[in-house]
Amino acid sequence: MTDTAATNAATAHAKPGGRGLLGFLVRYSNVLALVLLLVIASLLSPYFLSPRNILNVLRGATMIGLVSIGMTFVILNRGIDLSAGSIVGLSAALMAAFAPYGVGVAALVGILAGVAVGLVNGLLITWLRLQPFIATLSTMIFVRGLVYIYTEGSNIIVRDASPAFTFLGSGYIGPIPVPVVLFAIVWLIAALVLRYTIFGRAIYAVGANEEAARLSGIAVERNKVEVYMVSGLLAGLAGIVLASRLTVGEPNAGTLYELDAIAATLIGGTTFDGGVGGVGGTVLGVLILAFLSNVLNLLNVSPYSQMLLKGVIIVLAVVMSEWRKRR
């Protein structure tokens with residue numbers, strides 16, 4: 001594959017949006033939605049804009065954020081990863097179980113487990129030609145079952161957790177929580193990879209038109225496998241951050257994370273048809289969901305009503321995504 005081939009194929013999909021005021025509103029709808037949410041929330045709750053509340057929201061959003069960045073890679077590639085939440089649970093359980101062998105060993109095992117599941121997803125899709133939905137649904141169920149067997153359905157508690165173990169989930173660098181710093185670094189790296197590397201441009205090219213990408217010399221199957229390995233890696237990283245924060249490996253950790261990640265990705269402007277979007281929009285989607293949940297909690301809205309509202313937001317995000325694509 002050549003750099004030029006990847007670039008040409010990637011630009012086959014033009015940027016969404018349009019001209020004029022309506023085009024501006026459509027293109028930047030997620031930014032405007034976040035600003036509007038912040039304004040309304042600050043008026044409804046005097047505690048919302050306090051630094052402590054903002055940092056707590058950002059720290060809590062880190063795990064979903066990491067999974068969402070991986071999900072963005074997959075959806076840009078015209079795939080989907082339903083196993084991401086189960087990988088978070090597996091990684092968290094392994095992080096807690098291997099804690100006695102050292103933090104480095106435990107974290108490495110957790111991340112490698114995520115990469116391994118991502119590799120299996122990629123091979124199921126490219127070698128066995130399974131649809132991404134079917135392949136990752138299967139691994140989602142398999143991995144969750146594996147976690148329950150490994151943990152025997154009980155929490156793995158890290159007793160007398162060292163400061164090194166809790167640093168990743170609960171530490172601070174200056175006034176900023178470590179998970180927030182980690183999320184920002186991963187976001188920056190992901191943005192640079194998508195924009196400036198052959199691998200990143202190939203992701204867009206394969207998602208925009210797989211056959212055109214193949215004719216352009218792109219190794220489509222290898223690119224797909226690598227994308228699912230990235231998603232598994234980031235889900236694994238989210239798992240070790242979660243275990244570090246809670247000092248426990250819960251067998252049901254990460255449940256439904258994949259749905260929140262898909263929602264954040266779509267709200268951020270990445271389309272299910274692949275080839276359009278990016279991690280910048282996904283971060284906005286993560287922040288919208290996190291701040292929305294926070295203000296609803298501050299207003300004592302029940303979790304069930306929050307689920308209803310989140311469902312409506314996902315529908316609106318998909319409608320807006322289709323609108324952008326048609327303009």
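## Basis of the model

The model is predicted: local features need pLDDT of at least 70, side-chain atom pairs count only at pLDDT 80 or more, and totals for chains, interfaces and linings use all residues. Residues are numbered from 1 along each chain as its sequence is written, and side-chain values use heavy atoms, with hydrogens and water left out.

## Overall form

The protein chain contains 15 helices and four strands. Both are DSSP runs numbered from the N terminus, where a helix (H or I) has at least four residues and a strand (E) at least two. The C-alpha trace spans about 55 × 50 × 35 Å along its principal axes. The radius of gyration of the protein chain is 20 Å, which agrees with the value near 20 Å for a compact globule of 327 residues. This radius is taken over C-alpha atoms, and the globule rule is 2.2 Å times the number of residues to the power 0.38.

Of the 327 residues in the protein chain, 49% are buried. Buried means under 20% relative accessible area, exposed means over 50%, and partly exposed lies in between (1.4 Å probe, protein chains only). The protein chain exposes about 15300 Å², and carbon and sulfur atoms supply 69% of that area. Accessible areas come from the Shrake-Rupley method with a 1.4 Å probe, and for residues only the protein chains shown count as cover. Among contacts (heavy atoms within 4.5 Å) with a separation of 6 or more, 78% are between residues 24 or more positions apart.

Side chains of opposite charge can pair when their charged atoms come close. The structure holds six salt bridges, each being a side-chain nitrogen of Lys or Arg within 4 Å of a carboxyl oxygen of Asp or Glu. One of them joins E221 and R129, with the closest N and O atoms 3.5 Å apart. This pair links distant parts of the chain, 92 residues apart: E221 is in helix 12 (residues 220-246), and R129 is in the loop between helix 6 (103-126) and helix 7 (132-151). E221 is partly exposed, at 25% relative accessible area, whereas R129 is exposed, at 57%.

K224 forms a salt bridge with E210, and here the closest N and O atoms are 2.9 Å apart. K224 is in helix 12 and E210 in helix 11 (residues 210-215), so the pair ties together parts that are 14 residues apart in sequence. K224 is buried, at 16% relative accessibility, and E210 is partly exposed, at 29%. A salt bridge also connects the side chains of R222 and E226 (3.8 Å, N to O). These two residues are separated by about one helical turn because they are four residues apart in helix 12. R222 is exposed, at 55% relative accessibility, while E226 is partly exposed, at 29%. Salt bridges with shared partners join R129, E210, E211, R214, E221 and K224 into one network.

N77 is located in the loop between helix 4 (51-76) and helix 5 (84-97). With a relative accessible area of 5%, N77 is buried. Its side chain makes a polar contact with the side chain of N223, at 3.0 Å. A polar contact is a pair of N or O atoms within 3.5 Å; within protein, one must be able to donate a hydrogen and the other to accept it, and residues adjacent in sequence count only if both atoms are side-chain atoms. Leaving aside residues up to four places away in sequence, N77 touches I203, V206, G207, N223, K224 and V227.

Helix 10 (residues 198-208) is mostly covered, with nine of its eleven residues buried. Among these buried residues are I203, V206 and G207.

F24, Y28, V31, L32, V35, V39 and L43 make a nonpolar surface patch of about 630 Å². Patches are made of residues with over 30% relative accessible area and no salt bridge; like charges are joined within 9 Å, and nonpolar side chains (Val, Leu, Ile, Met, Phe, Trp, Tyr) within 5 Å. Helix 3 (residues 29-44) gives the most to the nonpolar patch, with five residues. L43 is in helix 3 and is exposed, at 71% relative accessibility.

L316, in helix 15 (residues 303-326), is exposed at 54% relative accessibility. L316 and T126 are 190 residues apart in sequence, and their C-alpha atoms are 32 Å apart in space.
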